[in-house]
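Good morning, and thank you for coming. Today I shall present some side-chain features of one structure.

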Amino acid sequence: LPALVGVNLQTFFREACGGATHIDSDVNCAAWAQHAALQPQPRRLVYLSLGTGVGGGVVIDGHLMRHTNGGGGHFGFLCVEADERLG
């Protein structure tokens, strides 16, 4: 999108919305929104998105999980390490 070159999107949306904003992938936002909408909120949620590709988001204990380098939402390319605390 050439018109957005040099535009600080975080500042743009903060000013447009009048408050704090976060920019993330569509599927991470969908996973977070689904978790927030559920009552009671589950401890763990896996959100699977089937569209032009396969995507997904994971929320554990109120935190959106990310993989290497902070990415997320791409289950087809996701490497996961076991964590004993989740056992």
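Predicted model: local features only at pLDDT ≥ 70, side-chain atom pairs only at ≥ 80, totals over all residues.

I begin with D24, which is partly exposed, at 30% relative accessibility. In this talk, buried means under 20% relative accessible area, exposed means over 50%, and partly exposed lies in between, with a 1.4 Å probe and protein chains only. Residues are numbered from 1 along each chain as its sequence is written, and side-chain values use heavy atoms, with hydrogens and water left out.

Which residue does the side chain of D24 meet in a salt bridge? It is R66, at 2.4 Å from N to O. A salt bridge here is a side-chain nitrogen of Lys or Arg within 4 Å of a carboxyl oxygen of Asp or Glu. This pair links distant parts of the chain: D24 lies in the loop between α1 (9-17) and α2 (26-37), while R66 lies in the segment after β3 (63-64), 42 residues apart. The helices (H or I, at least four residues) and strands (E, at least two) are DSSP runs, numbered from the N terminus. R66 is also partly exposed, with a relative accessible area of 42%.

The count comes to two salt bridges. In the other, the side chains of D61 and R43 meet at 3.0 Å, N to O. Here too distant parts of the chain are linked, with D61 in the loop between β2 (54-60) and β3, and R43 in the loop between α2 and β1 (44-50), 18 residues apart. D61 is partly exposed at 37% relative accessibility, whereas R43 is exposed, at 54%.

Let us turn to the aromatic rings. Rings of Phe, Tyr and Trp (its six-membered ring) pair if their centres lie within 6.5 Å; planes under 30 degrees apart count as stacked, over 60 as edge-to-face, and the rest as tilted. The count is one aromatic pair. F12 and F13 form this pair, edge-to-face, with 5.2 Å centre to centre and 80° between the planes. F12 is partly exposed at 46% relative accessibility, and F13 is partly exposed at 35%.

Finally, is T21 buried or exposed? T21 is buried, with a relative accessible area of 15%. This residue is found in the loop between α1 and α2. Leaving aside residues up to four places away in sequence, T21 touches Q10, F13 and R14, where contact means heavy atoms within 4.5 Å.
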